Amino acid sequence: MDAALAIIKNPSTIHIFRVEIERHLAFRDYLREHPEVCSQYGQLKSKLANQYPHDIDGYGDGKKDFVKSVEKDAIKWHWTIR
């Protein structure tokens, strides 16, 4: 399947990062190495998915503070393990 067809079939799976990729990777890796935080994030996402089943903005807004807090820890952690 070519990229154009993939975008048409499921545009939500396409992420364009460039400058922000390191922040996203640090967040991902931090969750992988900190299962308790990963569990909290999963629980929050499940709660928000139930609370906002048809409101992606409400869902995103609901996890914003958690993500920003964890991102700060993740970036510090990322730079200490390099």
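**Entry 1: Glu71**

I looked up Glu71 and found it buried, with a relative accessible area of 9%. The cut-off for buried is under 20%, so a value of 9% puts Glu71 in that class. The model is a predicted one. Glu71 belongs to helix H4, which spans residues 56–81. I then asked which residues Glu71 touches, not counting those up to four places away in sequence. The list holds Arg23 and Phe27. With Arg23 there is also a polar contact, side chain to side chain, at 2.3 Å.

**Entry 2: overall make-up**

I stepped back to the whole protein. I noted four helices and zero strands, in the pattern α-α-α-α along the sequence. The protein has 82 residues, and 23% of them count as buried. I also checked how far apart in sequence the contacting residues are. Among contacts between residues at least 6 apart in sequence, 56% join residues at least 24 apart.

**Entry 3: confidence**

I checked pLDDT before going further. The mean for the protein is 86, and 77% of the residues reach 70 or more. Where is confidence lowest, and where is it highest? The lowest mean, 47, belongs to helix H1 (residues 3–9). The highest, 98, belongs to helix H3 (residues 35–51). Over residues 1–8 the pLDDT stays under 50, and for this stretch the model has four contacts beyond four places in sequence.

**Entry 4: H2 against H4**

I went back to the helix that holds Glu71, starting with its packing on H2. Helix H2 covers residues 21–33, and its axis lies 8 Å from that of H4, at an angle of about 90 degrees. An angle of 65 to 115 degrees counts as roughly perpendicular, so H2 is roughly perpendicular to H4. On the H2 side I listed Glu22, Arg23, Ala26, Phe27, Asp29, Tyr30 and Glu33 as making the contact. On the H4 side the residues include Val67, Val70, Glu71, Asp73 and Ala74, and also Trp77, His78 and Trp79. Arg23 and Phe27, noted above as touching Glu71, are both in the H2 list.

**Entry 5: Val70**

Next I took Val70, also in helix H4. Is Val70 buried or exposed? Val70 is buried, at a relative accessible area of 7%. Leaving aside neighbours within four places in sequence, Val70 is in contact with Phe27, Tyr30 and Val37.

**Entry 6: H3 against H4**

The axes of H3 and H4 are 9 Å apart, and the packing angle is about 165 degrees. Angles over 145 degrees count as roughly antiparallel, so H3 is roughly antiparallel to H4. The crossing of H3 past H4 is right-handed.

**Entry 7: Tyr41**

Tyr41 is buried, with a relative accessible area of 11%. Beyond neighbours within four places in sequence, Tyr41 is in contact with Phe27, Leu31, Lys63, Phe66 and Val67. Which side chain makes a polar contact with the side chain of Tyr41? The side chain of Lys63 does, at 3.3 Å. Tyr41 and Phe66 are 25 residues apart in sequence, and their C-alpha atoms are 7.7 Å apart.

**Entry 8: H2 against H3**

The axes of H2 and H3 come within 5 Å and cross at roughly 110 degrees. H2 and H3 are therefore roughly perpendicular to each other. Phe27, Tyr30, Leu31 and Glu33 make the contact from H2, and Pro35, Val37, Cys38 and Tyr41 make it from H3. Phe27 turns up again here, having been noted already as a contact of Glu71, Val70 and Tyr41.

Definitions and conventions:
Residues are numbered from 1 along each chain as its sequence is written. This is a predicted model: local features need pLDDT of at least 70, side-chain atom pairs count only at pLDDT 80 or more; totals for chains, interfaces and linings use all residues. Side-chain values use heavy atoms; hydrogens and water are left out. Helices (H or I, at least four residues) and strands (E, at least two) are DSSP runs, numbered from the N terminus. Buried means under 20% relative accessible area, exposed over 50%, partly exposed in between (1.4 Å probe, protein chains only). A polar contact is a pair of N or O atoms within 3.5 Å; within protein, one must be able to donate a hydrogen and the other to accept it, and residues adjacent in sequence count only if both atoms are side-chain atoms. Contact means heavy atoms within 4.5 Å. pLDDT is the predictor's confidence in each residue, from 0 to 100. Axes are lines fitted to C-alpha atoms, for helices over the stretch in contact, and angles run from 0 to 180 degrees between N-to-C directions. Angles under 35 degrees count as roughly parallel, over 145 as roughly antiparallel, 65 to 115 as roughly perpendicular and the rest as oblique. A crossing is left-handed if the near helix is turned anticlockwise from the far one by less than a right angle, and right-handed if clockwise.
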